[in-house]
2 protein chains.
Amino acid sequence: MSKGQLIVLSGPSGVGKSSIVKKVMERHPKLRFSVSATTREKRPGEVDGVSYYFVSREAFQTMVERDELLEHAEYVENCYGTPAKPIDEALDLGYDVLLDIEVQGAMQVMERRPEAVTIFIAAPSFAELERRLTGRGDTAPDKIRKRLETARREYTFAPRYDYLVISETGKVEEAADEVLSIIKAAHCRTENRIHYLKEEL
Amino acid sequence: MSKGQLIVLSGPSGVGKSSIVKKVMERHPKLRFSVSATTREKRPGEVDGVSYYFVSREAFQTMVERDELLEHAEYVENCYGTPAKPIDEALDLGYDVLLDIEVQGAMQVMERRPEAVTIFIAAPSFAELERRLTGRGDTAPDKIRKRLETARREYTFAPRYDYLVISETGKVEEAADEVLSIIKAAHCRTENRIHYLKEEL
């Protein structure tokens, strides 16, 4: 059995990333979603240990000190981090593992795991991203402004990702198709398969 | 409209490459198959201008001298070459173009078109490749031996390809799936899409 593939996915708030991830998870039988640890407050509908591990600032700090996180970052005044151990266990079992993390964290993973496949999800335009954030109707204007500022900063990191998927309005299925193809292609990379030819080479 | 993707496919005789290519062509609406020029004899069922452009040694030499070929090579005592012009025209029209060429030619294309996606199709094992070549029943033993020697030499080039697809017996559909995913992923590469973000960056 071959080892799983680590996939890093980033994209600004409002881009439709969670809908894309949902479709991808439905259609990929051996894909696990990495659960992050965070110090931010639980939102309605979120489940501890599924959406995130909701932890205190103190507990988070301890994980950082013990070097148990693959990456960690502060983002909109909260800490987020990715516990490394469950990911490595899943990869060894042949599962692909999807990390949905913001850009600072993604840069750390690229550094520590150069074999990871990295995907940036962008909106068709910035105006469209603004429309989507405003259209939600559940976010205060100053929060929207802050998210747009953050998005603009995040976009500057997009060129460092391997792949760019454009999340067109109403085309979640197409974006999911692209992410699934990127994952399948990653498994076919010569460095992941050259062992098949070891007898012949 | 974005430019098409150039795809280079190689693999030894007997590996099942033509069945895979056939499936890929059926399922990809905007894929064109590059027609090579060759000095080898036409086999039963082959059509000039479709299977190959069957040309004389002299005509082939003229194309080489005029630098009209993207690559050319001598292989089992015949010349093969890829006319560049129809490929560039198709790519500009947004068609993906598939080159089914042997390893010498592929190395030339990698050099001249570093943006090409390169795929090597291998058998699950060398013993299996021998079985497939023998099983055809239409090839003389010395030709089979020569093809196996050629295959062994071709395999040494496999590590230089971007992707390795294993052509498992009876699994043409799966191999075609992989090739199609590799092509779709290539379109998502950040360098091919970064223009979408040019306003934002």
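Tutor: A residue is called buried if 20 or more other C-beta atoms lie within 10 Å of its own, exposed if 12 or fewer do, and partly exposed in between, with the C-beta atoms placed from the backbone. By that rule, buried residues make up 35% of the 201 residues in chain A. This is a predicted model, in which local features need pLDDT of at least 70 and side-chain atom pairs count only at pLDDT 80 or more, while totals for chains, interfaces and linings use all residues. Residues are numbered from 1 along each chain as its sequence is written, and chains are lettered from A, with ligands numbered from 1, in the order in which they are written.

Student: Why does A:Asp67 count as exposed?

Tutor: A:Asp67 has 8 C-beta neighbours inside 10 Å, and therefore it counts as exposed. A:Asp67 lies in the loop between helix H2 (57-65) and strand S5 (69-75) of chain A, where helices (H or I, at least four residues) and strands (E, at least two) are DSSP runs numbered from the N terminus. Its phi is near 55°, a positive value in a residue other than glycine.

Student: What makes B:Asp67 exposed or buried?

Tutor: Its count is 8 C-beta neighbours inside 10 Å, so B:Asp67 is exposed. The loop that holds B:Asp67 runs between helix H2 (57-65) and strand S5 (69-75) of chain B, and its phi, near 60°, is again positive in a residue other than glycine.

Student: How do you know that S5(B) and S6(B) pair?

Tutor: Two strands pair if DSSP finds at least two bridges between them, and S5(B) and strand S6 (residues 78-83) of chain B are joined over 6 bridges, in the antiparallel sense. B:Tyr75 stands opposite B:Asn78 in S6(B). The two strands form a hairpin with 2 residues between them, and in the turn B:Val76 has a positive phi of about 45°.

Student: What radius of gyration does chain A have, and why does it agree with a compact globule?

Tutor: The radius is taken over C-alpha atoms, and the globule rule is 2.2 Å times the number of residues to the power 0.38. With 201 residues the rule gives a radius near 17 Å, and chain A has 17 Å, so the two agree.

Student: How many residues of chain A are in contact with chain B?

Tutor: Contact requires C-beta atoms, placed from the backbone, within 7 Å, and 28 residues of chain A are in contact with 29 residues of chain B. H7(A) gives the most to that side of chain A, with 6 residues.

Methods:
Two residues are in contact if their C-beta atoms, placed from the backbone, lie within 7 Å.
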